[in-house]
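Trainee: I have just opened this model and would like to learn how its terms are used. Could you walk me through them?
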Amino acid sequence: MAQLTAPEQKGLGPGFWPVTTALTVANAVISYFIVVLPIEKYLPEAAAPAGDIDWLFKFMSVIGNAIFVYVVGYMLYFCWVWRRRPSDAPDAIGIQVHDSPSLELWWTIIPSILVLLLAIFSVRIWINLQNSLGDVLTMEAIGQQFKYEFRYPRLKQPVFNDMHIPVGTPVTLHVTSSDVIHSFWVPEVRLKYDMVPGLVQTLRFTPEVIGKYRIICTEFCGTNHGNMVANLYIDSQQDFGRWIAGQFKAQGQTGGPLNLSAGQAAAGQQLFGEKCSTCHSVGPFTQKIVGPGLGHLTDDPAYPNLVTGKPVNAEDIAWILVNGYQGPDNSQGKAGPSIGIMPNRQANALSNKDIANLAAYLLSLK
Amino acid sequence: MAVAAAHAGAVGHHDHIHPEPEGFVAKYIFSLDAKVIGVQYMIAGLLFFIISGLLAEVVRIQLLTPGGAILKNDAYNGVYSLHASGMVWMVVIPMMTGGFGNYVMPLMIGARDVAFPWLNLTAFWMFPVAGVILFSSFLIGAPDAGWTEYPPISVQGPPGTTMWCIAIFLIGISSTLTGINFMVTIFKMRAPGMTFTRMPLFVWAQLATAMLNMIATTALAGALLALFLERVFDVPFYDPARGGSPLLWQHMFWFYSHPAVYIMILPAFGIISEVFPTFARKPIFGYKMIAFSSIAIALLGFMVWAHHMFTSGMAPWLQLPFMILTMVIAVPTGIKIFSWLATLWGGKIDFQPAMLFALGFLVVFTFGGITGIFLSAVPVDLHEHGTYFVVAHIHYVLFGGSIFGAFAGVYYWWPKMTGRMLDRKLGVWHFWTTFLSFNVTFLPMHWLGLLGMPRRVAQYRPEFQFWNDVCSIASFVLAASTLILFYNLATSLIRGKRAPANPWHARTLEWTVSSPPPYYNFKTIPAVLKNPYNFGEPLPYIGLTLAEEEEDRLPKPGPAVPAHS
C-alpha cells in the first residue's frame with residue numbers, strides 16, 4: 001500500500017467565516033420569529049403559570065434552534081467543501097487532525113453554561129408552581145373510568161365532567177383516582193398531574209381568561225381512554241356564584257345564615273377535636289403545635305388580643321374562621337413575627353353553623 | 001523483532017483454532033460462532049422489524065380519521081402496545097447488541113469469538129422464543145397499556161399481558177447474559193497491544209452498553225416478576241387498596257427503561273463513530289472525549305430515571321435533582337455531536353449510503369436530543385408529558401437515532417458479513433426517501449402534542465385530522481422506502497458484486513480479514529501498535545497471517561510502525 005499523504009492544513013477552509021456569518025444571521029432571524037411568536041393565538045394562556053411556562057418554552061426554543069442551525073449548517077457546509085472529488089484517488093485521505101483540546105474545552109464549557117442557565121430559569125418557574133397562592137378555592141378532582149368527578153367545599157354530592165372555577169381566584173386542586181391511573185391535563189393551563197389511586201397530588205393555578213377549555217386524560221386508562229375528556233369553565237365571579245348556588249339548591253343544601261348567637265359549645269368542642277386539634281392545643285397561647293394554643297383566649301393577660309389585633313369576641317373569632325389568617329402576630333397589642341398560615345373556611349370545609357359552634361366553644365374555654 | 005517476540009509469547013498456547021463444526025445444524029442453527037449468532041440475531045430482528053413496522057402502519061391507518069378508521073379501541077390498543085414493545089425489545093436492543101455486537105465486536109478486538117460461546121448461544125435462542133411469545137399474545141388478547149404497561153390498568157389488562165411479562169422477562173435475561181459475555185470479552189480477549197485507548201469506538205460503545213444491560217435489566221426483571229405474580233396469583237404489589245403502590249412499578253420500570261434508551265442509542269453512537277472517520281478519510285475527532293462521554297452517559301443514565309415521572313407523583317423537591325441531572329446529560333451528548341461534526345472538517349467525504357445515514361443520524365438525532373431537553377425541564381414537561389410531543393421525541397431519537405444508526409451499520413458491514421456489495425444507487429434512494437418521509441411523519445407530531453393531542457388514543461379531536469393525515473401518508477412512504485432496502489439486500493445476496501476484504505479502505509481489524517471472514521476470524525492473533533484511526537499510515541497491526549484462501553483477496557498489511565500512541 002502506497003504511503004498516502006494528507007493535504008496540508010491551510011486555515012479553516014474556504015468560506016468558513018462567510019458561512020459562520022450567514023448561520024449567525026439565520027439564527028438571529030429565526031430567534032426573532034420565535035420570540036414574537038404569539039403562542040396564545042394557537043393555544044390560549046388561560047391561567048397564571050401558562051405565560052411563565054411558554055416563556056421557558058420560547059427560551060429553550062431559541063437555544064435549541066441555535067444549536068440545531070449551527071450543527072446542521074456546518075454539517076452541510078463541510079459536506080460540500082470537503083467532499084471527495086472525482087479526481088481524488090479512491091483511498092485519498094483528509095487532513096489528519098486528531099483533536100483540539102481548546103476547542104473541546106469550549107464545547108464542553110458553553111453547553112454547560114447553557115444547561116446551568118436553563119436549570120436556573122426552570123427552577124425559578126418551578127418554585128412558583130409550588131407556592132401556595134393565598135386565599136384560594138380548594139377543591140378535588142377524582143379520575144375514574146372514564147369520567148372526572150369534581151368535589152367542591154361543603155357541596156355534598158360531586159359534580160361530573162364540568163369543572164367551574166371563578167376567574168381571578170387562585171385554585172388549589174387536589175387530584176387522585178378511584179380505580180386506575182388517569183391524568184388531569186388542561187392544555188390551556190399548561191399543567192398536568194397524574195391521578196394515581198392511593199395518592200393525592202396538587203395543582204395550583206390562577207384562572208385568568210374566561211372561557212371553556214378541555215380537560216384531557218393522558219395516561220392510558222382502558223378501552224375508552226381516548227374519550228375521557230371533561231370541560232373546564234373559567235367563569236366570571238358572578239357566573240360562578242350563580243352556578244355554585246344552583247348546585248347547592250339542586251342538592252337541597254342551603255348555606256343558612258351565619259347566626260353566632262345560636263352557637264353551641266358542646267358541638268364546637270367535638271368539631272374542634274375533628275378539625276382544629278391537629279394544629280391547635282387547648283393550652284395557653286404559647287403551647288403551640290402549628291398555630292397558637294387557644295385554651296385561654298379570654299383570660300390570658302399576656303395575650304389580650306386575637307392574632308389579628310382585634311378584641312376577643314365571637315364576631316372577630318368568626319372572621320378568622322371565615323377568612324383564615326396569615327401575617328404578623330398582633331396578640332400582644334403590637335405587630336410580632338409572622339404567625340404562619342391559618343386556612344380559610346373553604347379549606348377547612350366549615351359551614352356557617354360550624355363557625356358559630358366553634359366560636360361559642362372557644363369563648364367558653366377558661 | 002522484540003515486539004513480534006513479545007506478541008508470540010503473549011498469545012502463547014491459548015492460541016489454537018478449534019476445528020470447524022460440520023453439518024448444517026451445528027454450523028447454522030446451533031452454532032457457537034459469534035458471527036453466525038450475530039447473523040441469526042439480525043435475521044430474527046429483521047422479521048420482528050417487519051411485524052412491528054406493519055403494526056405501526058396499522059396505527060397510522062387508524063388515525064387517518066378522527067373517529068378511528070378501521071379498529072375498535074381494544075384492538076387498536078393492542079396494536080400500538082405491541083408495535084412499541086416489539087420495536088424496543090425485539091428489534092433495536094437485540095439487533096444493536098446481539099446482532100452488530102456479536103458480529104463485529106470480536107473481530108474488532110482481534111478475538112476468535114466471544115468469551116462464553118455457549119452462553120451466547122443460550123442468550124440468542126431466548127430471543128426468537130420471546131418474540132414468538134410476545135406476538136402470539138394477539139391470539140388471546142394483546143396487552144393494551146402501551147410498552148410501559150403501568151399498573152393498575154395492566155393488572156386488569158387482557159390475558160396477553162401475562163405473555164408480555166414472560167416474553168420481556170426472557171429477553172431481559174437474554175440481554176443480561178449478552179451484557180456479561182461482552183463485558184468479559186472486551187476486558188479479557190483484546191489482541192495483545194490493544195489497550196483501552198486503542199480500542200475502536202464501536203467497542204467502547206458496546207462496553208458501555210454491556211454495563212447498562214448487566215446492571216439495569218435486573219430492575220426490569222423484578223418489576224415484571226411482581227406484575228406477573230399480581231396478575232396470576234393476586235399478590236398485591238401494585239394495589240394501593242391492599243398496601244401496594246402503583247408507583248413502585250414506575251420506579252423499577254424506568255430504572256431499567258431509561259438506561260435502556262442508552263442501550264439502544266450507544267451502539268448507534270459506536271457505529272456512527274466508525275462510519276464517520278472511514279468515509280471522511282480522517283481520524284475521529286477527539287477519540288478520548290467520545291469514549292469518555294459514552295461512559296459518562298452510561299453512568300448519568302442511571303441517575304435520571306424519574307424524569308419520566310414528573311407528573312406521576314413524587315416529592316416535589318425530588319423533581320429538581322432529576323431535572324438537573326437530565327440536563328447535564330446534554331453535555332456529553334453534545335461533545336459527541338460536535339466531535340462528529342469536527343470529524344467532517346478537512347475530510348475527503350465519500351457519500352456512500354452508510355455515510356448518508358450517518359449524516360442523517362446527525363441531523364435527526366440532534367433534533368431529538370434538543371426536544372429531549374425540553375422534556376427535561378419540569379415546568380415544560382408538565383405540559384408536554386403524555387402527549388404526541390413525547391411520541392415525536394422518542395421516534396426522533398429511536399428511529400432517527402438507533403434505526404438510522406443500524407441502517408448505517410448494515411450498509412457499512414454488509415459486504416463484510418456476506419461477501420457481497422450492496423447497490424450504491426439503491427442505497428442513496430433508500431436514504432433520501434427514508435430521511436424525507438421520516439421527517440414528514442414525525443415532525444408534525446410535535447405540534448399535535450403541544451396543541452393538545454394525548455398519546456395512546458384511538459380517536460382524536462377533528463381539528464387534528466389534517467396533520468394526522470400528513471403523518472399517516474408520510475408513514476406509508478416511509479414503509480415503502482424500507483422495501484428499497486429489502487430489495488437491495490435480496491438482490492445483493494443473489495447477484496451482488498463480490499466484496500473485497502476492505503471495500504471502504506477502513507482501518508479497524510475486521511477489514512484485515514476476508515469478506516466474509518473465516519470462522520476462526522484470525523489465523524494468528526495480530527498485535528496492535530496504535531489506535532486504528534491514523535489514515536495514511538500503514539495499518540498498525542503486526543503478525544497478521546492470512547489463510548491461503550484469503551491471501552489473494554487481501555491488502556497486504558504494511559511494515560510495522562514504531563510502537564507509540
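Trainee: How do you know in which sense strand E1 and strand E5 of chain A pair, and over how many bridges?

Mentor: First, this is a predicted model, where local features need pLDDT of at least 70, side-chain atom pairs count only at pLDDT 80 or more, and totals for chains, interfaces and linings use all residues. Residues are numbered from 1 along each chain as its sequence is written, while chains are lettered from A and ligands numbered from 1 in the order in which they are written. Two strands pair if DSSP finds at least two bridges between them, strands being DSSP runs (E, at least two residues) and helices runs of H or I (at least four), numbered from the N terminus. E1 (residues 137-144) and E5 (residues 171-177) of chain A have 7 bridges, in the parallel sense.

Trainee: What makes A:Val186 buried or exposed?

Mentor: Buried needs 20 or more other C-beta atoms within 10 Å of its own, exposed 12 or fewer, and partly exposed lies in between, with C-beta atoms placed from the backbone. A:Val186 has 26, so it is buried. This residue belongs to strand E6 (residues 182-186) of chain A.

Trainee: Why are H4(B) and H8(B) called oblique?

Mentor: Their angle is about 130 degrees, with the axes 10 Å apart. Axes are lines fitted to C-alpha atoms, for helices over the stretch in contact, and angles run from 0 to 180 degrees between N-to-C directions. Under 35 degrees is roughly parallel, over 145 roughly antiparallel, 65 to 115 roughly perpendicular, and the rest oblique. H4(B) and H8(B) are therefore oblique to each other.
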